[in-house]
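Here is a short tour of one model, written to be read with the structure open beside it.

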Amino acid sequence: NLSNKTSSTTANRDSFLGLAILFTYCLFAFGSTFSIALAQMSLGLSAALFVATCFITRHNPFSGQLKPFYVAMGALVGWKVFTALVCPDTLGAFNAMREDWLYLAVPIGVWLLQKESYRRYILTALIVGVALVSLYAFFQNATGYEYRGKALSPAPDYGYRVIGTFPHPLTFGNYYAVVAMTFLGAGIVAIRNSLVLWRTILVVVALLAAVASGLSYSRGSLIAMVPGIIAGCWLLAKYRARWIAVALVVVAGGFVATHPGVIFRMSTEIVSDRSEGNVMGRPFIWTHSLEVIGDHLLFGTGPGQFKESYVTTLPPNTIERAHHSHAHNDLLMVTAESGIIGAGLFALLWLTLIRLTIKGIKSVPSFDYILPVGALFGIGAFLVTGLTEATFFDEEVRQMLMLVWAFGLWPLGSASATNPKLGGKSS
């Protein structure tokens, strides 16, 4: 029977492509912990295979209950394209938009995460990468060793400020703070459902990542973990796992007690920020970023054009080091580059993401919302880091954020029409 043979061939092709997409996506998750090059090459391969699969199976990944999220995402990207076209340096603006392709990690992840075994593989890939790099960070803090030969900054008390394999301590601190809170939230759900192995792995690796993030001595990432730890302790007490809540408090308190330079550096930076005329302080940067917004209220400066406009607001003879390329705040940065309409679309995207993640949590059994709850913890930490840094514009952190978004949205992905086969029955 020719029709049956064709159907069988198509099913086999779908299964092979599904496994290939899974492999490259796991490599993306693993590579994001230490190598932007490996992560983005893997994601590029995954995207190409995913597009081929969607074409073969006539699958529309943007339909179903997640359509409002993808519409908000498309509207934001579309508006950025428009602002790039109307700004003076159109080519430079389009070049600055190159990071927006990372959004593709969300529909690919949502598609893969429909299958329970695939969820385990992707989560395991991320866990292994985070654990290995966290251990490397401890070694780096003690020895100052950086495999590329880069000289590390001394820590305020002893050892060195870690960067892992990233270019800057802030990037490393923010990445590992967000992933630590993601694992903590997921681990708490595993505790609630008595998943002994997963709860042990997730909580232990969350603590490793949190300490590694702390060793960057980045105040933004340290502050970002506080709400997650407080919420985690409250939930653990609620789920009668008080001993784990006590362990969290002991680890956090022990870290601060044995690294007094963390508090010293944080308090010193806060005092320095508030000093009058400090061109490197956050209040000064935010004030002049608001001037940029006022000068480009509707369309913004255009993607990647912030620095040129920011410099024009500075006092004469301001040191070149203070010619900042971003506003040190995600919402201010988006508003400055894309205007108030872009800021509104950016806020809409986040609100839609959070609403759908919460809706997804309510739509699946409790043992299935490990990843969505972890995503809420990670999203919360990321938003806090974005108060004092332009974290959304940092590729290393942003690519991992797209994976966290997929973790949050996957429960509603199965509602999409004509969901393609993944090479096996979904659990």
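## A buried pair

Asp368 and Arg119 are both buried, where buried means under 20% relative accessible area, exposed over 50% and partly exposed in between (1.4 Å probe, protein chains only). The two form a salt bridge, with their closest N and O atoms 3.2 Å apart; the term stands for a side-chain nitrogen of Lys or Arg within 4 Å of a carboxyl oxygen of Asp or Glu. Asp368 sits in the loop between helix 14 and helix 15 (370-385), and Arg119 in helix 6 (residues 116-143), so this pair links parts of the chain 249 residues apart. Helices are DSSP runs (H or I, at least four residues), numbered from the N terminus.

This is a predicted model, in which local features need pLDDT of at least 70 and side-chain atom pairs count only at pLDDT 80 or more, while totals for chains, interfaces and linings use all residues. Residues are numbered from 1 along each chain as its sequence is written, and side-chain values use heavy atoms, leaving out hydrogens and water.

Arg398 lies in helix 16 and Glu99 in the loop between helix 4 (90-96) and helix 5 (105-112), so the pair ties together parts that are 299 residues apart in sequence. Arg398 is buried at 2% relative accessible area, and Glu99 is buried at 13%.

Arg148 and Glu146 also meet in a salt bridge (2.6 Å, N to O). Here Arg148 is partly exposed at 43%, whereas Glu146 is buried at 3%. Shared partners join Lys80, Glu99, Asp100 and Arg398 into one network of salt bridges.

## Helix 16

## Cysteines

How many disulfides does a search of the whole structure find? The search finds zero, a disulfide being a pair of cysteine sulfur atoms within 2.5 Å. The sulfur of Cys26 is 18 Å from the closest cysteine sulfur, in Cys54, and so too far for a bond. Cys26 is buried, with a relative accessible area of 14%, and Cys87 is buried at 8%.

How values were computed
Helices (H or I, at least four residues) and strands (E, at least two) are DSSP runs, numbered from the N terminus.
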